Amino acid sequence: MEIDLRHAVRVENITVGTRVKVLRKEYSSYKVLHGIVVGFEPFKGLPTIIVAAANVTYNTATVEFIYYNAET
């Protein structure tokens, strides 16, 4: 099979429990957080994916909920 990469589209299925990486902007840099998709909010105007991400620093570890949609 031969595919023209100029017109190819990558399609991914995301379900609850899918492991993801989230790139979050901090003050002057970016940080990669590892997380799991925990839910979907099917709003008509702006569907949202809810991700529980682990924020691990030198002396603390917290779980943050990140709401990802077309505007974020």
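Modeller: A salt bridge here is a side-chain nitrogen of Lys or Arg within 4 Å of a carboxyl oxygen of Asp or Glu. This is a predicted model, in which local features need pLDDT of at least 70, side-chain atom pairs count only at pLDDT 80 or more, and totals for chains, interfaces and linings use all residues. Residues are numbered from 1 along each chain as its sequence is written, and side-chain values use heavy atoms, with hydrogens and water left out.

Colleague: How many salt bridges are in the whole structure?

Modeller: The search finds 2. R24 and E64 pair through their side chains at 2.4 Å, N to O. This pair links distant parts of the chain, 40 residues apart: R24 is in strand β1 (residues 19-25) and E64 in strand β4 (residues 61-68). Strands are DSSP runs (E, at least two residues), numbered from the N terminus.

Colleague: And which residue does E26 meet?

Modeller: E26 meets R24 in a salt bridge of 3.5 Å, N to O. Shared partners join R24, E26 and E64 into one network.

Colleague: Changing topic, where is T48?

Modeller: T48 is in strand β3 (residues 48-56). T48 is buried, with 7% relative accessible area.

Colleague: What does T48 contact beyond its neighbours within four places in sequence?

Modeller: T48 is in contact with G39, F40, E41, F43, Y67, Y68 and N69. Contact means heavy atoms within 4.5 Å.

Conventions
Helices (H or I, at least four residues) and strands (E, at least two) are DSSP runs, numbered from the N terminus. Buried means under 20% relative accessible area, exposed over 50%, partly exposed in between (1.4 Å probe, protein chains only).
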